[in-house]
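Here is a brief report for a first look. Please have the sequence and the model at hand as you read.

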Amino acid sequence: MTDCLFCKMVSGEIAPDKVFENNDVLAFRDINPQAPTHVLAIPKQHVPSLNHADDASLLGGLLLFARDVARAEGLGDAGYRVVVNTNAGAGQTVFHIHAHVLGGRALTWPPG
Ligand code: 5GP
Ligand code: ZN
């Protein structure tokens, strides 16, 4: 998708603050962090939202990758949150599926 912000990060047209990547996924720091650690994990393939996802391998890989990011950020023991906002009512603003990895402070429940 040529007009998708996160596809432009995958292609290198926009350079994100990259944390990790492999063949299928990319992780970079959120431009507007909501916690001391706030990383976005995205599949390199364009999928607009969780509502559009039908590839269990892609979703499973994304979730495991988010776990690995949290571990690498030193959050594995203290705890962290992985969030997939889906559609406007949940606050999704970028329509390329992504998992927020949040940690480094106490995270309250329920979320806002
Ligand atoms: P959503 O609101 O769709 O769940 O999450 C989109 C996230 O992308 C937001 O947390 C927002 O701060 C982040 N974001 C938007 N534009 C950019 C950008 O240009 N660079 C980075 N690194 N993050 C961005
Ligand atoms: Zn995209």
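In this predicted model, four residues hold the zinc ion (ligand 2): Cys-4, Cys-7, His-46 and His-96, at 2.0 to 2.3 Å. The table gives the donor atoms.

| Donor residue | Donor atom and distance range |
|---|---|
| Cys-4 | SG, within the range 2.0 to 2.3 Å |
| Cys-7 | SG, within the range 2.0 to 2.3 Å |
| His-46 | ND1, within the range 2.0 to 2.3 Å |
| His-96 | ND1, within the range 2.0 to 2.3 Å |

The 4 donor atoms subtend angles of 107 to 116°, so the arrangement is tetrahedral. Cys-7 belongs to helix H1 (residues 5-11), while His-96 sits in the loop between S4 and S5; the pair therefore ties together parts 89 residues apart in sequence. Both Cys-7 and His-96 are buried. The donor spacing along the sequence reads C-x2-C-x38-H-x49-H.

His-98 lies in the loop between strand S4 (80-83) and strand S5 (99-103). His-98 is buried, with a relative accessible area of 6%. Its side chain reaches the backbone oxygen of His-96 at 2.7 Å. Beyond four places in sequence, His-98 touches several residues, including Phe-6, Leu-40 and Val-83.

Next, the nonpolar cores. The largest has 13 residues; among those touching the most other members are Ala-27, Leu-62, Phe-65 and Val-69. Strand S2 (25-29), strand S3 (37-43), helix H2 (56-72) and S5 each give two or more residues to this core. H2 supplies the largest share, 5 residues. Another core, of 9 residues, lies apart from it and includes Cys-7, Leu-26, Phe-28 and Val-94.

Notes. Residues numbered from 1 in each chain as written. Chains lettered and ligands numbered in written order. Predicted model: local features only at pLDDT ≥ 70, side-chain atom pairs only at ≥ 80, totals over all residues. Heavy atoms only, no water. Helix = DSSP H or I, 4+ residues; strand = E, 2+ residues; numbered from the N terminus. Buried < 20%, exposed > 50% of the residue type's maximum accessible area, 1.4 Å probe, protein only. Polar contact = N/O pair within 3.5 Å; in protein donor to acceptor, adjacent residues only side chain to side chain. Contact = heavy atoms within 4.5 Å. Donors = N, O, S within 2.8 Å, 3.2 Å for Na, K, Ca; no water. Tetrahedral: all angles 85-135°; square planar, octahedral: opposite > 155°, others 65-115°. Core = buried A, V, L, I, M, F, W, Y, C linked by side-chain atoms within 4.5 Å.
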